[in-house]
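This report describes selected features of one protein model.

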Amino acid sequence: MLPRSRRDSTSSIRLLYCCTKSVPETEPEAKVGNVANTQKKPGGWKAMPFILGNETFERLATFGLLANFTVYLIREFHMSPVSASNVLSIWFGVSSFAPLVGAFISDAHVGRFKTIAFASFASLLGMLTLTMTAWHPALHPLKCRPGDHPQPGQCVGPNATQLGVLLTGLGLLSIGGGGIRPCSIPFGVDQFDATTDEGIRGINSFFNWYYVTFTVVLLISLTLVVYIQDSISWVLGFGIPTVLMACSIVLFLIGTRIYVHVKPEGSIFSGIVQVLVAAYKKRKLKLPVEGEENGVYYDPPLMKEIVLSKLPLTNQFRFLNKAAVVMEDDLQPGVSRDKWRLSSIQEVEEVKCIIKIIPIWASGIVSFTSMVQQNTFTVSQALKMDRHLGPKFQIPAGSITVISMITIGLWLPVYDRIIVPSLQRITKKEGGITVLQRIGVGIFFSILAMIVAGVIERKRKLTALLLPNPLGIAPMSVMWLAPQLILMGFCEAFYMIGMIELFNKEFPENMRSIANSLISCSFGGASYLSSLVVNVVHGVTGGHGRPDWLANDINTGNLGYFYYLLAVMGVVNFVYFVYFARRYRYKGAMQPTEKTSPDVELSPVRQ
C-alpha cells in the first residue's frame with residue numbers, strides 16, 4: 001500500500017513530498033550497494049539521527065521559505081502578483097528538473113554521500129543569501145506603504161543588483177534540493193543490510209520515521225515559520241531555517257565515519273540512449289515475421305545481485321526491437337560486444353515502459369498547473385480578504401493552503417477503509433477502480449476546483465467593490481477559499497497518488513528512480529506552463545482603458561476569468577487523457593528470474 005500521511009499545502013511542497021514517497025520501498029540500487037559494494041557492517045540506526053536530521057532541516061529550510069515566498073516578493077520586493085508568480089514558477093520549474101541531474105551525478109560519478117554533502121552546503125548558501133536580502137537594506141527595495149507616493153501602491157521595485165542576489169539565492173537552493181532529494185532516501189537505505197530480516201525491519205522503520213519527520217516539517221513550515229515571517233520579522237523567519245540548515249550539515253558530517261558509502265554504479269540513462277542508438281543504427285533491418293523469432297533476439301540472464309523480474313519482448317513500439325536483433329560480430333563469448341549496437345530484450349522493454357507512459361505523464365502538466373496557483377494567486381486572494389480568527393489573531397496568507405493538506409489527511413483513511421472495500425465488492429477490482437480511472441477522477445476534481453475558484457473570486461471582487469476600504473480588503477472571510485482548496489485536496493488524493501501507483505507498477509524495479517524524476521519533471525513543466533499562460537493573459541487581455549485580467553490590484557482585474565481559462569484547459573486535457581488512457585496497455589506479466597550464469601539466451605517475442 002502507498003503511505004497515507006499525505007501531503008503538503010502548497011503545490012510545490014506537494015510534489016516534493018509525493019515524489020520522495022514514491023521511491024523508497026522499491027529502490028534496488030541501495031540494496032545492490034549493500035551486497036556488492038560494501039564490506040563494512042552497515043551503519044544501521046546509529047547513522048539515522050544524522051541522515052534524518054540533515055533531511056529534516058533541509059526541508060524545513062526550503063519549505064519554510066517556499067510556503068510564504070509569494071507574500072515576501074509582493075510586500076518586501078514590491079513585485080506585482082504576475083511577476084511574483086513568474087519568479088516562483090520559473091524557480092520551481094528549475095528545482096523540479098534539478099533532481100534528474102543530481103541523481104545522474106550521484107549514480108554515475110561521485111556517490112550519494114558526496115552529492116548530499118555538496119548539496120547541503122549549496123542549500124545553506126542559498127538560505128544565507130535570501131536571509132541577507134531581508135536583513136541588509138541595500139539588498140531589498142526601500143520600504144513603501146500606501147500614501148508614501150503620489151500613486152498609492154506603485155512602489156519602487158528591486159534594482160538589477162537586488163534581483164540578481166535574490167535569484168542567486170534561489171538558484172543555490174535549486175542546486176541543493178537537486179542533490180539532496182534524489183539521494184537522501186537511498187542513502188538511508190544503504191545503512192541497512194537488506195539481505196537480513198533485521199535489515200528489512202530497519203528499512204521499514206526508517207521509512208516510517210522519515211514520513212513522521214516530514215509531516216512535522218510541513219506543519220511547522222506552514223504554521224509557525226510562516227507566522228514568524230508574516231507577523232514578527234522576515235529576517236527572523238528566514239534566519240531560523242538558515243541556522244537549522246547549518247545544524248543539519250554539522251549533524252551529517254559528524255556521522256561520516258559511521259556511514260556505509262556505496263560506490264557509484266553507473267546511471268540507467270546511458271542504457272536508454274544506447275537502446276535508441278542501437279535501434280537507429282539498425283533502422284534498415286527487417287524484423288522477422290511472427291513465429292520466426294527464435295534465435296534472433298539477444299536475451300541474456302539478468303546480471304544483478306538482487307532478484308529482478310524479466311520483461312518479455314512485446315510488439316508495442318516494434319521498431320525498438322531492432323536494437324535486440326543479433327547480427328554478425330555483435331557478440332563476443334557470452335556478452336554484447338558493443339552496447340551501442342546490441343541491447344538486451346530487458347533494456348529494450350525498459351525503454352518502452354518510458355515511451356508508452358509519456359502521454360499519460362504529459363496530462364499531469366496541465367493538471368499540476370491548477371495546483372501551482374494555490375501558491376501564487378490563491379495567496380494573493382487571501383491578502384485581500386479578512387483573515388482574522390477572533391479579535392486578535394490573523395491567519396498568515398501563506399498558511400491558508402494548509403486546508404488542502406488537512407483535506408487529504410482526513411479523506412485518505414475514509415477512502416482506504418470505507419470507500420475502496422465498497423467499490424471492490426461492486427467492481428471486483430483491486431483498489432475498487434483502476435489506476436487510470438483514479439487519475440481521471442483527479443483531473444475532474446482539478447477542473448471543478450478551478451470553476452469554484454472563479455465563482456468565489458467573482459464574489460470576493462464584488463464584495464470588495466461594493467464595500468470598499470483604503471487597503472482594498474474585502475469584508476469577507478478568507479475561509480471562503482476553503483471550497484476550492486478542499487477540491488484541490490481531492491484532486492491530489494486521486495491524481496497524485498494514482499500517478500505514483502501507476503509509475504511504480506508499470507516501471508521495472510531498477511527504473512523506479514526515473515519514475516520519481518518524471519513526476520518531478522511534470523511539476524516543473526506545469527510551473528513553466530503556468531508562467532507562459534500568466535504572461536500571455538497579462539499581455540493579451542485588457543486594453544481600451546480596461547485593466548488586464550491579472551492586474552496588480554486584483555480588485556480591478558478579473559482573476560476569476562483566469563481560473564475559468566484554466567478550467568477550459570483542464571477540460572481539453574481531460575479529453576486528451578481519456579483518449580490515451582483507453583488505448584493504454586498495462587504491463588504484462590513478468591517472469592521472475594534467478595541468478596544464473598551469463599550464457600546468452602535467444603528469446604521469442606511476446607504479444
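E349 has a relative accessibility of 6%, which lies under the 20% cut-off, and therefore counts as buried. The model in which this residue is placed is a predicted one. E349 is joined by a salt bridge to K352, with 3.0 Å between the closest N and O atoms. K352 is likewise classed as buried, because its relative accessible area is 3%.

**Salt bridges**

The structure contains four salt bridges. Side chains of opposite charge can pair when their charged atoms come close.

| Pair | N to O distance |
|---|---|
| E349 and K352 | 3.0 Å |
| E347 and K339 | 3.0 Å |
| R460 and E457 | 2.9 Å |

The pair formed by R460 and E457 lies in helix α14, its two members being three residues apart, about one turn of the helix. R460 is buried, at a relative accessible area of 0%, and E457 is buried as well, at 2% relative accessibility. For K339, the partner of E347, the relative accessible area is 32%; this value falls between the 20% and 50% limits, so K339 is partly exposed.

In soluble globular proteins, nonpolar side chains tend to be buried together. In this model the largest nonpolar core comprises 72 residues, and those with the most contacts inside it are Y297, L436, I439, L502, F503, L550 and F562. Two or more residues each come from α5 (81–110), α10 (268–281), α11, α13 (402–427), α14 (435–466), α15 (482–506), α16 (512–540) and α17 (559–583). The greatest contribution is that of α15, which supplies 13 residues. Another core, of 42 residues, lies apart from this one and includes L124, L383, I456 and V478.

Which residues is L502 in contact with, leaving aside its neighbours within four places in sequence? They are I357, I360, V435, L436, I439 and Y586. Of these, L436 and I439 are also among the residues with the most contacts inside the largest core.

Note on methods
Residues are numbered from 1 along each chain as its sequence is written. This is a predicted model: local features need pLDDT of at least 70, side-chain atom pairs count only at pLDDT 80 or more; totals for chains, interfaces and linings use all residues. Side-chain values use heavy atoms; hydrogens and water are left out. A nonpolar core is a set of buried Ala, Val, Leu, Ile, Met, Phe, Trp, Tyr and Cys residues joined through side-chain atoms within 4.5 Å. Buried means under 20% relative accessible area, exposed over 50%, partly exposed in between (1.4 Å probe, protein chains only). Helices (H or I, at least four residues) and strands (E, at least two) are DSSP runs, numbered from the N terminus. Contact means heavy atoms within 4.5 Å. A salt bridge is a side-chain nitrogen of Lys or Arg within 4 Å of a carboxyl oxygen of Asp or Glu.
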